[in-house]
Structures are given as structure tokens and as C-alpha cells.
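Subject: Structure for you to look at

Hello,

Here is the structure I promised. Please open it, then read the notes below.

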Amino acid sequence: MRLYLDGIGVWGAGLADWPQARSVLNGELRYVASSQPLPAPAVLPAAERRRSPATARIAVQVAAEACAMAGVDPAQVPSVFASSHGDTQITDYMCRELALDAPLSPTRFHNSVHNAANGYWTIAVNCMHSSTALSGGERSFDYGLLEAAAQALAGLRAVLLVAYDLAAPAPLVTVCPILVNFGVGLVLSPVASARSLARLELSQASDSKDPPLLPEGLDALMSGNPAARALPLLFSVAVGQAGGFGFPPVRWEIAPC
């Protein structure tokens with residue numbers, strides 16, 4: 001299984017976009033784990049932006065950045081959205097309201113479904129192609145990458161992967177240990193092009209290997225958000241060197257194009 005990475009989008013604690021993330025990963029900038037306002041994706045109409053939940057804003061932001069970098073029409077790209085726990089803030093809200101026997105906001109209730117981010121994205125870019133929402137716990141990014149790769153190779157077309165997770169409030173954080181916000185978007189293609197940044201190859205592995213040594217502070221980001229398990233892949237692209245990541249029995253090898 002071989003495919004190519006054509007576009008990247010990043011947003012998270014201390015990382016506003018892929019250019020900033022690349023500069024942090026390759027050592028040009030020092031990582032500062034600062035909080036920042038939620039993104040306001042330009043592709044979302046104003047009315048949708050106002051009522052969109054935090055997860056959708058993060059997911060749509062990185063999806064749009066990845067597609068723009070890859071030079072693909074978002075309306076023509078199937079997508080896979082991966083999140084370990086969905087919108088933990090809305091889950092917390094609904095649990096509190098139900099415990100008080102209080103009425104639920106219809107808008108917040110419909111934003112609680114696991115494919116809410118998919119909906120905001122496909123409506124915003126007028127995409128009628130398939131959009132998959134999945135969850136795999138702390139390995140949601142890994143499963144999302146495998147699903148997106150399979151779709152790209154089976155359909156012989158580019159596929160957008162978006163992985164995102166939102167910091168969980170107390171007391172949910174005790175069972176959903178997500179400490180920071182983070183999202184990543186990747187455009188994966190079955191064929192190489194002038195825009196291709198890296199080549200990914202899937203192999204079998206009986207044991208796991210230590211991830212690359214990331215710049216200071218990024219290990220905490222990776223352990224604090226399941227979507228940030230993408231950082232070893234992003235690190236290899238940022239520094240332009242071969243590497244590997246994944247978990248048994250699956251391992252991805254990445255090499256610059």
C-alpha cells in the first residue's frame with residue numbers, strides 16, 4: 001500500500017497553521033503551548049460559523065488548509081473524519097442539563113452527533129461525495145489514516161483525512177484524558193504529483209518503535225490529544241527525512257518526495 005501526501009492543515013494549542021507547525025517541528029521556532037481563539041474558517045458562511053461547535057471549526061479549518069495546499073477542489077474530494085470522543089464540551093453540557101432535568105438546546109443537541117464536523121464541511125464546500133466519520137479511541141488518527149488510504153487506493157482518487165479532538169472539561173477529562181485542542185488535515189493521493197510532499201508505505205510490524213524525538217513541548221501535545229499522534233508524520237515532512245510511525249501490526253514508512 002503506497003500513497004502520497006499532497007496537502008497539510010494544522011491547528012492546535014500554539015499552532016495556528018501548517019507553516020507555523022513546520023517551523024516549530026524543524027526547530028526554526030520554539031514551541032509555546034499557548035491557548036488561542038478558535039479558528040473562524042472562511043469557507044463557513046457567517047450563519048453557520050456562529051452556530052458551529054468548536055470541533056467543526058477546528059476540523060473545517062484544517063480541512064480547508066490541506067485542500068488549498070494540495071490544489072484540489074474540496075467539492076470533489078471524499079473525506080474521512082476521525083475523532084476519539086467527538087465534541088466533549090457538548091457531551092458535558094447535555095449530561096449536566098439532563099441531570100438537572102432541564103431542556104436541551106436543539107442546536108447543541110444536533111451538533112452532538114459524531115459526524116457533525118463532516119456535515120459542516122460538506123455543506124460549506126458543497127461536496128456530494130462520501131464522508132466517513134469514525135472513532136478509534138486513542139488510535140483514532142491511525143485508523144483514520146488507514147481508512148483514508150484504503151479509500152484513496154480503491155477509488156484511485158485523492159481523499160481528505162481530518163483528525164481532531166477537543167480538550168475535555170471536568171469531570172469528563174477523567175475518562176476522556178484530552179488536555180489540549182488539536183486538529184490535522186491531510187490530502188492523500190494514490191499517485192505522485194508535483195505537489196507531493198512525501199510518500200507513505202504501509203507494512204506489517206510485529207513490534208512498535210519509538211517515535212522520533214520531537215522538539216520540546218510537542219511530546220506533551222502528542223500525549224494530550226489523540227489527533228496529535230500525527231506529529232511523527234508531520235515531523236518527517238517538516239525536516240525532510242525518512243521515518244516511521246504506527247502500531248502493531250501496522251506500520252507506515254514515510255519518505256520525502
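Start with S196. S196 sits in the loop between strand 5 (182–189) and strand 6 (198–204). Strands here are DSSP runs of E with at least two residues, helices are runs of H or I with at least four, and both are numbered from the N terminus.

Before going on: this is a predicted model, where local features need pLDDT of at least 70, side-chain atom pairs count only at pLDDT 80 or more, and totals for chains, interfaces and linings use all residues. Residues are numbered from 1 along each chain as its sequence is written, and side-chain values use heavy atoms, with hydrogens and water left out.

Back to S196. The residue is buried, at 11% relative accessible area. (Buried means under 20%, exposed over 50%, partly exposed in between, with a 1.4 Å probe and protein chains only.) Its side chain makes a polar contact of 2.8 Å with the side chain of D6. A polar atom of the S196 side chain also lies 2.9 Å from the backbone nitrogen of S193. (A polar contact is a pair of N or O atoms within 3.5 Å; within protein, one must be able to donate a hydrogen and the other to accept it, and residues adjacent in sequence count only if both atoms are side-chain atoms.) Setting aside neighbours within four places in sequence, S196 touches Y4, L5, D6, V191 and C257, where contact means heavy atoms within 4.5 Å.

Next, helix 9. Eight of its nine residues are buried, so helix 9 is largely enclosed by the rest of the structure. The buried ones are L231, P232, L233, L234, F235, S236, V237 and A238. Just after helix 9, G240 has a positive phi of about 70°.

The largest nonpolar core has 44 residues. Helix 9 gives the most to this core, with six residues. (A nonpolar core is a set of buried Ala, Val, Leu, Ile, Met, Phe, Trp, Tyr and Cys residues joined through side-chain atoms within 4.5 Å.) F141, L186, L231, L233 and L234 have the most contacts inside it. Beyond neighbours within four places in sequence, L233 contacts L5, F141, L186, L200, F245 and I254. A second, separate core of 25 residues includes V62, V77, Y120 and C127.

Last, a helix pair. W18, R22 and L25 in helix 1 meet L231, L234, F235, V237, A238 and V239 in helix 9.

Best wishes
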